Each structure stands twice: as structure tokens, then as C-alpha cells.
Amino acid sequence: MAMSKIKNHFELTHPNAAGIDIGSSSHFVAVPPDRNEQPVREFLSFTEDLYALADWLTACGVDTVAMESTGVYWIPLFKLLESRGFTVYLVNARHVKNVSGRKSDVLDCQWLQQLMSFGLLSGAFRPQGDFCALRAVARLRDMLLRNQAKHIQHIQKALLLMNLLLTEVISDVVGETGQKIIRAILAGECDGQVLAKYRNNHIKASEEEIAKALQGNWREEHLFALKQAVALYDAYAVQLMECDQQLKKMLKDLARNDLKAEKPKRRGGKSKNAPNFDARTLLMQMCDVDLTRIDGIDVTTAFKVLAEIGADLSRFKDAKHFASWLGLCPGTKISGGKKISAATSCTTNGAAQALKMAAVNLRASQSALGALCGRMDKAKAVTACAHKLARLIYAMLTKGEDYVDQGQEHYEEKYRQRVIKNLTKHAEKFGFQLIPVPEGV
């Protein structure tokens with residue numbers, strides 16, 4: 001049997017590439033062996049040494065740099081090299097593991113340099129310019145929300161230790177009614193009948209039920225703990241307000257038009273964790289489309305997704321590559337011609353997590369996306385629906401088209417036609433023919 005000739009060598013695609021092994025205290029840099037008598041050098045992490053590193057790369061004729069994404073130590077060097085005009089590839093450390101038994105900083109940077117020279121590495125997606133700054137502040141806001149949530153738990157714990165069962169009669173202790181009652185308690189009010197007067201008309205529990213729940217022991221140490229928890233909650237509220245003001249300013253700077261968002265068709269109150277400004281209009285002015293028109297995508301989700309990915313998705317070839325980057329596409333684990341697993345890969349992508357949270361709320365929706373969720377078990381439906389949401393977002397951002405929901409009936413009809421087509425194929429395979437039953441029979 002004739003055998004085709006196979007090339008036993010790789011072609012150099014980046015002959016001027018360098019590899020950098022990132023560390024907390026120092027960085028090891030490798031350049032092509034013919035560029036310097038000492039092709040591997042160590043530079044400390046101080047700013048002065050980073051400038052020296054960039055100067056040395058320039059002197060060696062390097063134009064492409066590959067570095068590992070180690071913690072956050074790579075960020076200062078990445079920004080410096082990018083400002084100097086280098087093409088910097090941030091690569092996943094899991095994709096560049098060295099040969100077993102030969103692990104050292106020197107070998108790691110040389111291995112990165114060789115892989116980059118032959119074009120075997122791909123860089124991670126990183127938003128450009130101001131979008132990267134927007135993402136940093138948005139992530140800071142998420143961190144503040146998580147920390148504030150911890151002190152809400154501390155408030156609930158202090159109330160329970162005093163046997164004040166406020167959480168049993170109202171759903172949110174930091175809502176309007178809960179805040180008024182808690183602050184009245186800290187002001188010295190202990191009469192449950194008086195505290196129940198702060199009840200909002202929308203609360204289902206009656207004043208008598210609230211008053212009964214607010215009979216406790218009022219121990220001094222627990223009141224002190226409640227006071228401390230409320231003070232910390234308020235401190236994070238101030239930080240969140242300042243963070244929202246900064247985000248509002250950054251979104252205005254990123255605006256590309258002066259469009260005004262139309263009144264949303266879907267009813268529903270504002271999300272508790274939504275930005276405290278008209279983020280919907282600013283996001284539409286930034287990306288020219290209104291992502292909240294998609295069922296399941298509210299202002300909070302749209303803000304989270306756009307803060308993570310930006311408005312320019314030209315880095316991705318198509319919607320499939322975008323979904324793959326998010327970790328929402330099916331796996332392709334095949335061995336021996338058999339599919340072993342089609343499970344999606346584990347990911348901590350912030351945009352993917354936001355889309356999955358949006359997909360959870362679509363199960364009861366009377367839209368085409370809601371019908372998609374109803375056809376699968378919950379776990380698969382969430383991932384499949386998040387995948388669909390990602391493809392819709394990609395289409396809107398790249399084509400500039402608005403989303404129009406075709407309704408649940410349209411999806412059901414497409415599903416019916418798809419099932420009939422598959423059944424027809426199976427029937428023909430076994431020598432049978434499908435005959436539709438006349439109406440009324």
C-alpha cells in the first residue's frame with residue numbers, strides 16, 4: 001500500500017518570537033538562540049526591570065511574545081509590552097505543559113518560545129482598550145456585591161440569635177420594610193407592635209404576624225453584632241454607589257451614538273443588584289443594539305455580558321467559536337470511533353455564568369426559548385438555552401440586527417417537522433412508509 005510522504009518538520013510562523021515564564025518575583029525570558037549570546041535571561045518584577053526586559057527584547061529583534069497566564073502577575077508586563085508595539089499572546093498554562101520530568105523556569109520559557117515560533121499557541125481573548133477597563137470595574141462591583149451579601153447573612157444571624165424571626169414573615173430583610181424595622185431596632189425600639197407599623201402594603205404577612213415574629217430576647221451582645229453588620233452593609237452600599245458612578249462615566253465615554261432605548265415590552269421590576277443608573281440606554285449606545293429584547297436577558301445580564309466581552313466580537317470567526325470560548329458548546333470526546341462524552345467543559349467564564357442564570361428563568365417563558373427549555377431535562381436545558389442566547393448575542397453584535405421572538409408556537413411547529421423528518425428516515429431505512437392520519441379520525 002502506497003504511503004503518502006509526511007513532513008517531519010514544522011514551518012516557522014513567528015521567527016522573531018520570545019517566550020516568558022511569569023513569576024511573582026521574577027520573569028524568565030527566552031529569545032531565539034541566534035539573537036544573543038545569552039538567549040535566556042531572568043528579570044526581576046520591579047518596574048525598572050520590566051522596562052529593561054522590553055528594551056532587551058527590542059534589541060534582540062523580537063516582535064511576538066508568548067507568556068503564561070499566571071495569577072495576575074502577567075498584567076503589568078502584558079500592558080507594558082503591548083504599549084511598546086509587541087504582539088503579545090496570553091496562553092493558558094494548561095496548554096503548554098512541558099515534557100514530564102523536565103520542569104524548570106528556564107525550560108518553561110524556552111518551551112514557550114519554541115511553541116510560539118512554530119505557531120502552535122493561540123492567545124486568550126482580552127477586550128481591547130477601554131473595554132478592558134470597563135471589565136475591571138464591573139468585576140470590582142461584583143466583588144463588592146458578594147462581600148455585601150455576607151453581611152446580610154450576618155444581619156440575619158444576629159436577628160435569629162435574638163429569636164426575632166423577621167425572615168419568616170418578609171422575604172428580604174434589606175428591603176424597604178426590613179430596613180425600616182432593623183434601623184428602628186438599632187434606635188432602641190423593642191415593641192413588636194410599633195415595629196410592625198413599618199409594614200409595606202405589599203407584604204403578605206399581616207401586622208399581627210410581624211409583631212409576633214418580633215418578640216425576642218434583645219440581648220446586648222446580639223444587638224451590638226446587628227449594629228456592626230448593618231454598618232458594614234451600609235459601607236459597601238456607599239462603595240457600590242461610587243462604583244456605579246464610575247461605570248456610568250465609562251459607558252458614556254464608550255457611547256457611539258445617541259439612541260434612546262424604547263420602553264421594554266416585558267413587565268417586571270428592576271433587579272435588586274442592577275446598576276443604579278439607566279444602564280439599558282448606555283449599553284445600547286455602546287453596541288448599537290438592545291440585548292434586553294432577547295427573552296431572559298435583563299439589564300443586569302446584558303451589562304454583565306457586555307462588560308466581559310465588549311462590543312467588538314471580530315476576534316471570533318463565527319458564533320460557534322464564540323460559544324466554544326464561553327464553554328457552552330458540546331464536547332467532542334471521541335475514541336475508537338465512538339463518542340465517549342458530549343459534556344461541556346467546566347468554565348469560570350463570567351459571561352457564560354450570566355447566560356446560564358438567564359436561562360434558568362426562561363423555563364416558564366411563553367417564548368421560543370422557553371419552549372426549548374421545556375423539551376429537555378433541567379441541566380441540559382439550561383446549557384442549551386445559554387448556548388442559544390450566546391449565538392443570538394453574537395448575531396446581534398456582529399450584524400447589528402434586532403431580535404424578534406417568533407413565539408412558542410413557531411418553535412413547536414419546527415420541532416414537529418424535525419421529528420417527522422427523522423421518523424420518515426427511520427421508516428424508509430426499515431422498508432416502511434409513514435402515512436398521516438386524516439383529521440377527525
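Before anything else, what I count as a contact: heavy atoms within 4.5 Å. I also keep in mind that this is a predicted model.

**Confidence.** I checked pLDDT first. The protein averages 85, and 87% of the residues score at least 70. Residues 1-7 stay under 50, and there the model has 0 contacts beyond four places in sequence. Where pLDDT is low, the predicted coordinates should not be read in detail, so I left that stretch alone.

**Helix α2.** I looked up which residues of α2 (74-83) are buried: W74, L77, F78, L80 and L81. Down the helix axis they fall within an arc of 165°, so they line one face of α2. Then I asked what covers the buried residues of α2. The cover includes the strands β1 (17-21), β2 (26-30), β4 (64-68) and β5 (87-91), plus helix α1 (47-59). Just after α2, I noted G85 with a positive phi of about 95°.

**Helix α5.** Buried here are T177, G178, Q179, I181, I182, A184 and I185. Their cover includes α4, α6 (192-196), α7 (207-213) and α8. A glycine follows this helix too: G188, with a positive phi near 115°.

**Helix α8.** I tested the length of α8 (220-254). Its 35 residues should span 51 Å at 1.5 Å a residue, and the end C-alpha atoms are 51 Å apart, so the two agree. Its buried residues include H222, Y233, C243 and D244, along with L226, L247 and L254. Among the elements covering them are α4 (130-161), α5 (176-186), α9 (279-287) and α10 (299-309).

**Cores.** Which residues have the most contacts inside the largest nonpolar core? I297 and L355 do, in a core of 54 residues. At least two residues each come from α4, α8, α9, α10, α11 (319-326), α12 (350-360) and α14 (378-399). The largest share, 10 residues, is from α14. I also found a second, separate core of 27 residues, which includes I155, V169, W218 and L226.

**Cysteines.** How many disulfides are there? With the sulfur cut-off at 2.5 Å, I get 0. C287 is buried at 4% relative accessible area, while C329 is partly exposed at 22%.

Conventions:
Residues are numbered from 1 along each chain as its sequence is written. This is a predicted model: local features need pLDDT of at least 70, side-chain atom pairs count only at pLDDT 80 or more; totals for chains, interfaces and linings use all residues. Side-chain values use heavy atoms; hydrogens and water are left out. Buried means under 20% relative accessible area, exposed over 50%, partly exposed in between (1.4 Å probe, protein chains only). Helices (H or I, at least four residues) and strands (E, at least two) are DSSP runs, numbered from the N terminus. The arc is that of the directions from the helix axis to the C-beta atoms. The expected span of a helix is 1.5 Å times one less than its number of residues. pLDDT is the predictor's confidence in each residue, from 0 to 100. A nonpolar core is a set of buried Ala, Val, Leu, Ile, Met, Phe, Trp, Tyr and Cys residues joined through side-chain atoms within 4.5 Å.
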